[in-house]
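Hi,

Here is the structure I said I would pass on.

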Amino acid sequence: MIIERAEVIVTSPNRNFVTLRLQTDEGHVGLGDATLNGREMAVVAYLKDHVVPLLLGLDAHKIEDTWQFLYRSSYWRRGPVTMAAIAAVDMALWDIKGKAANMPVYQLLGGASRTGLMAYGHASGVDTEQLFDSIRQHQELGYRSVRVQTGVPGLKAIYGIAAQSMLDGGEERYDHEPARRGPKPAEEDWDTQKYMRHLPTVFEAVRNEFGPDLPLLHDGHHRMTPIQAAKLGKSLEPYDLFWLEDCTPAENQDALRLVRQHTITPLAIGEIFNTIWDIQGLISEQLIDYVRTASTHFGGISPLKKVMDFAAQYQIKSGCHGPTDISPVGFAAQLHVGLAIHNFGIQEYMQHGTRTNEVFQQSMTFENGLLHPGDQPGLGVELDVDGAGKYPYEQAYLPFNRLSDGTVHDW
Ligand code: CS2
Ligand code: MG
């Protein structure tokens, strides 16, 4: 089965997505997600100029061999652009293999280890009242776990607070954090001391209102120093978090030893990691509890399965990154992995907008708080190419942060 055609499709139904579409001489079509939020066109060029010419004529069945060929022959290994491009090829080949075998990808990965994947949604509010409403709305949508992000008195705009309440409905309700489309990134403000004083009071209020059973998560979004992260983790212990995510910037992994010495709040890290080499030590030293790597930014289904199997040896579980910048294709890819592995933990599920769901038709289901990739052969996602063509790429940037004295801070 030979790869006969390879196209890179960029579409922006609710936000930008980059999709690789492969076609074989036997007529099977495979899709792969190569979306790198805010830097999309770099991956488009990498794929079009350097990868597509190498794929034509290859045996579509050789997933591992093609992965190794693209990784090793580039010489300049790793990095988000390279690994998102390789991820797209890997996913598309798994999709094709599933279609050729007439099986959903999870069957090829060993079959289902559970009936569905527990998902968490993004509850947020500028104040406690809005946050409570948002948690209730998520519960009504079926979520059994929620991430809690809150406004901080004295700060105007911060990460993770939906611009529009879900009650207002509308297309953009989940797409608050990209990618405000425009020629320049939006500026937000930040003050770690204010945040650290405020956050435990919010979790206390949430626990009092919603009781002890609801799994609660929080994303620190890489903003604290090691000692600040240790202090925050400790101050959140009474509220029994499911996890505290990205408590320190991911580059400084030694920091996690210090954090770990001081707190038993479970830690989740890895959404910006691209290969096993970024997370190997965090796993083998048991410095984290959940691996956040995403199929799209980690080189695809093959390495995602490998890293989760490695983590399983240390009783560390999966918690794959699943905001809307992971396309429906990348999302499906990690649902198949999550269903198959033994050490599944939780899956972030932010939900795509209506236009995105029209362009990407998906077999995935979300019922009673559980996700399932569906049983269509392959990944279970079809791309409406003509529909995609109606929504051309629009320049979009992630926001960034400045402290009150003007210093740029981690966003
Ligand atoms: C976030 C992401 O979902 C998360 O946990 O940290 O929303 C992140 O901000 C975006 O993926 C950036 O593109
Ligand atoms: Mg995050």
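The residues lining the largest cavity are Q149, T150, I158, Y159, W190, Y195, H218, D219, G220, H221 and R223. Two elements, β5 (145-150) and β8 (216-219), each give two or more residues to that lining. The space inside comes to about 70 Å³, and by class the lining splits into 4 nonpolar, 5 polar and 2 charged residues. Before you read further, please keep in mind that this is a predicted model.

How many cavities of 30 Å³ or more are there? The count is 2. The second largest cavity has a volume of about 30 Å³, and its lining is made of S318, C320, Q334, V337, G338, F344 and Q347. Helix α11 (residues 328-340) provides the largest share of that lining, with 3 residues.

Now for the open space. The largest pocket has a volume of about 880 Å³. It is lined by 35 residues, and those closest to its centre are H222, E271, I272, L398 and W411. Sorted by class, the lining of the largest pocket holds 14 nonpolar, 9 polar and 12 charged residues.

The chain divides into domain 1 (3-104) and domain 2 (117-375). Their C-alpha centres are 26 Å apart, and the contact takes 30 residues from domain 1 and 37 residues from domain 2. Why does the largest pocket lie between the domains? Domain 1 and domain 2 both give residues to its lining, so that is where the pocket is placed.

H222, one of the residues closest to the pocket centre, deserves a look of its own. H222 is in the loop between β8 and α7 (226-236), and its phi is near 65 degrees, a positive value in a residue other than glycine. Is H222 buried or exposed? With a relative accessibility of 9%, H222 is below the 20% cut-off, so it counts as buried.

N368 also has a positive phi in a residue other than glycine, near 50 degrees. You will find N368 in the loop between β15 (365-367) and β16. Its relative accessibility is 61%, so N368 counts as exposed.

**Nonpolar cores**

The largest nonpolar core has 113 residues, and L22, I135, V291, I301 and L371 are the ones with the most contacts inside it. Helix α3 (residues 80-101) gives the most to this core, with 12 residues. Like the pocket, this core lies between domain 1 and domain 2, because both domains give residues to it. Apart from it there is another core, of 7 residues, including L217, F242, A268 and Y290.

What does V291 touch, not counting residues up to four places away in sequence? The list is I269, I279, I283, V307, M308, A311, I316, K317, S318, G319 and C320. Two names in that list, S318 and C320, also turn up in the lining of the second largest cavity.

P377 is in the loop between β16 (370-372) and β17 (381-383). Its C-alpha atom is 5.3 Å from that of G98, although 279 residues separate P377 and G98 along the chain. Leaving aside neighbours within four places in sequence, P377 is in contact with D95, G98, K99, N102, M103 and P104. P377 has a relative accessible area of 27%, so it is classed as partly exposed.

L383 belongs to strand β17. Its relative accessible area is 11%, which means that L383 is buried. Which residues is L383 in contact with, leaving aside its neighbours within four places in sequence? They are I9, T19, L31, V359, F360 and A388.

Cheers

Conventions: Residues are numbered from 1 along each chain as its sequence is written. Chains are lettered from A and ligands numbered from 1 in the order in which they are written. This is a predicted model: local features need pLDDT of at least 70, side-chain atom pairs count only at pLDDT 80 or more; totals for chains, interfaces and linings use all residues. Side-chain values use heavy atoms; hydrogens and water are left out. On a 1 Å grid over the protein atoms alone, a cavity is a set of points where a 1.4 Å probe fits but cannot get out, and a pocket is an open set with protein on both sides within 12 Å along at least five of seven lines; lining residues have an atom within 4 Å of a point. Grid points are joined across faces, edges and corners, and a volume is the space filled by probe spheres set on the points. Ala, Val, Leu, Ile, Met, Phe, Trp, Tyr, Cys and Pro count as nonpolar, Asp, Glu, Lys and Arg as charged, and the others, Gly among them, as polar. Domain bounds come from an automatic or database domain assignment. A nonpolar core is a set of buried Ala, Val, Leu, Ile, Met, Phe, Trp, Tyr and Cys residues joined through side-chain atoms within 4.5 Å. Buried means under 20% relative accessible area, exposed over 50%, partly exposed in between (1.4 Å probe, protein chains only). Helices (H or I, at least four residues) and strands (E, at least two) are DSSP runs, numbered from the N terminus. Contact means heavy atoms within 4.5 Å.
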